Structures are given as structure tokens and as C-alpha cells.
Amino acid sequence: MANSQEHNQKTQQLRTLIKDIDNAMLTTVDDDGSLHSRPMSIFSDIDADGKLWFFTFADSHKVLEIQRRQQVNVSFSSPDQQRYISISGTAELVRDRNKLQEKWQPELQTWFHQGIDEPNIALLKVNITKADYWESPSSFRPQTISFLELSHR
């Protein structure tokens with residue numbers, strides 16, 4: 001019970017930190033071990049299980065990278081609020097039609113013209129293990145929210 005309550009509190013804290021930030025940088029590991037980052041739009045909240053979701057094309061290069069190495073980083077910044085968040089975790093491709101419908105937002109039509117009927121549409125699910133964040137101009141040390149310890153209890 002305490003484990004579930006603690007998980008919910010950490011998830012809510014992370015939701016609050018990324019609230020009102022529309023874009024993130026998703027970093028994956030390329031074949032040669034180099035890091036590769038690209039902007040991703042945020043159209044859904046972190047779910048109750050502590051997962052972050054992104055829409056993507058299943059044949060994109062980031063998906064190939066994730067299939068080889070699941071480790072990812074998702075970073076958020078809100079310079080006006082002096083808030084910076086770095087999320088570590090693992091990612092996986094999800095092609096479940098029900099999940100696509102559940103997560104769909106009309107704004108996604110810009111990239112996926114046929115909606116969830118778009119060929120090759122998929123979701124990237126990021127399983128969050130840890131989030132470091134900085135929340136003030138005088139904060140040089142990150143504060144950490146760890147989800148990993150909760151999953152091993």
C-alpha cells in the first residue's frame with residue numbers, strides 16, 4: 001500500500017514539474033554509441049503507472065535505435081520558470097490500437113494526417129526509472145525522483 005501511495009506521489013510530483021511544457025528532447029543511442037536527440041511534442045500526461053507516451057512513425061530512425069538499445073533520456077526545460085527536468089528510462093514501441101485511440105489528441109493531426117489510421121503510426125512508451133530536476137536559479141544540484149527503487153520492492 002505504501003509503495004503504491006509513494007509511486008502516486010512521485011508521479012504527481014513529476015507531472016507538476018512538466019506541466020505547461022509542450023516539447024521535450026528525446027535522446028537515444030545510435031549504432032555507433034553516439035547520442036542522438038530530437039524534439040518531441042507532449043500531448044499526454046504521465047500516466048498513473050509512471051509512463052510517458054509519444055506518437056511516432058514506426059519506421060523512424062529513433063525507433064530503430066530504441067529497438068537496439070532501449071535506454072533513453074527525455075529532457076524538458078522552462079527557462080522562464082528556471083525549471084529543468086531530465087528523465088531517464090527505457091523505451092519501447094507500442095502499436096496497440098486501443099492505446100492509440102486512448103492517447104490521441106486532435107493537435108496530432110499536424111503530423112499524422114490520417115489520424116490513428118495513418119500507416120506506420122505507433123506510440124513510444126517511456127518507462128521512467130529516474131528524474132533529476134533543477135527548479136531555481138540558485139540550484140546547482142539536482143533533486144531526484146527515483147521510480148526504480150519502487151519497482152524493486
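Is asparagine 120 buried, exposed or partly exposed? In this predicted model, asparagine 120 is partly exposed, with a relative accessible area of 29%. That value lies between the 20% limit for buried residues and the 50% limit for exposed ones. Asparagine 120 sits in the loop between helix 3 (97-103) and strand 6. Its phi is positive, at about 75°, although the residue is not a glycine. Most residues other than glycine have a negative phi.

Aspartate 20 also has a positive phi, near 70°, and is likewise a residue other than glycine. Aspartate 20 is placed in the loop between helix 1 and strand 1. Aspartate 20 is exposed, with a relative accessible area of 65%.

The loop between helix 3 and strand 6 also holds glutamate 118. Is glutamate 118 buried or exposed? Its relative accessible area is 14%, so the residue counts as buried. The cut-off for buried is under 20%. Beyond the residues up to four places away in sequence, glutamate 118 touches Phe57, Phe112 and His113. Phenylalanine 57 is 61 residues from glutamate 118 in sequence. In space, their C-alpha atoms are 8.9 Å apart.

The protein chain as a whole contains four helices and seven strands. Their order along the sequence is α-β-β-β-α-β-β-α-β-β-α. The C-alpha trace spans about 45 × 35 × 30 Å along its principal axes. For 153 residues, a compact globule would have a radius of gyration near 15 Å. The protein chain has 16 Å, which agrees. Contacts with a separation of 6 or more were also examined, and residues 24 or more positions apart account for 64% of them.

Of the 153 residues, 44% count as buried. The accessible surface of the protein chain comes to about 8700 Å². Carbon and sulfur atoms contribute 47% of that surface. Among the side chains, 17 are positive and 21 are negative. The centres of these two sets lie 4 Å apart.

In soluble globular proteins, nonpolar side chains tend to be buried together. Here the largest nonpolar core has 26 residues. Leu14, Leu52, Val74, Phe76, Ile85 and Ile87 touch the most other members. At least two residues of this core come from each of helix 1 (2-18), strand 1 (23-29), strand 3 (51-57), helix 2 (61-68), strand 4 (71-78), strand 5 (83-94) and strand 6 (121-134). Strand 6 supplies the largest share, five residues.

Which residues does isoleucine 87 touch, not counting residues up to four places away in sequence? They are Leu14, Leu52, Val72, Asn73, Val74, Phe76, Ile128, Lys130 and Ala131. Of these, Leu14, Leu52, Val74 and Phe76 are, with Ile87, among the core residues that touch the most other members.

Alanine 91 lies in strand 5. At 1% relative accessibility, alanine 91 counts as buried. Neighbours within four places in sequence aside, alanine 91 is in contact with Ile66, Gln70, Val72, Lys125 and Val126. Serine 60 is 31 residues from alanine 91 in sequence and 14 Å away in space, C-alpha to C-alpha.

Conventions
Residues are numbered from 1 along each chain as its sequence is written. This is a predicted model: local features need pLDDT of at least 70, side-chain atom pairs count only at pLDDT 80 or more; totals for chains, interfaces and linings use all residues. Side-chain values use heavy atoms; hydrogens and water are left out. The radius of gyration is taken over C-alpha atoms; the globule rule is 2.2 Å times the number of residues to the power 0.38. Buried means under 20% relative accessible area, exposed over 50%, partly exposed in between (1.4 Å probe, protein chains only). Contact means heavy atoms within 4.5 Å. Accessible areas come from the Shrake-Rupley method with a 1.4 Å probe; for residues, only the protein chains shown count as cover. Lys and Arg count as positive and Asp and Glu as negative; His and the chain ends are not counted. The place of a charge is taken as NZ of Lys, CZ of Arg, CG of Asp or CD of Glu. A nonpolar core is a set of buried Ala, Val, Leu, Ile, Met, Phe, Trp, Tyr and Cys residues joined through side-chain atoms within 4.5 Å.
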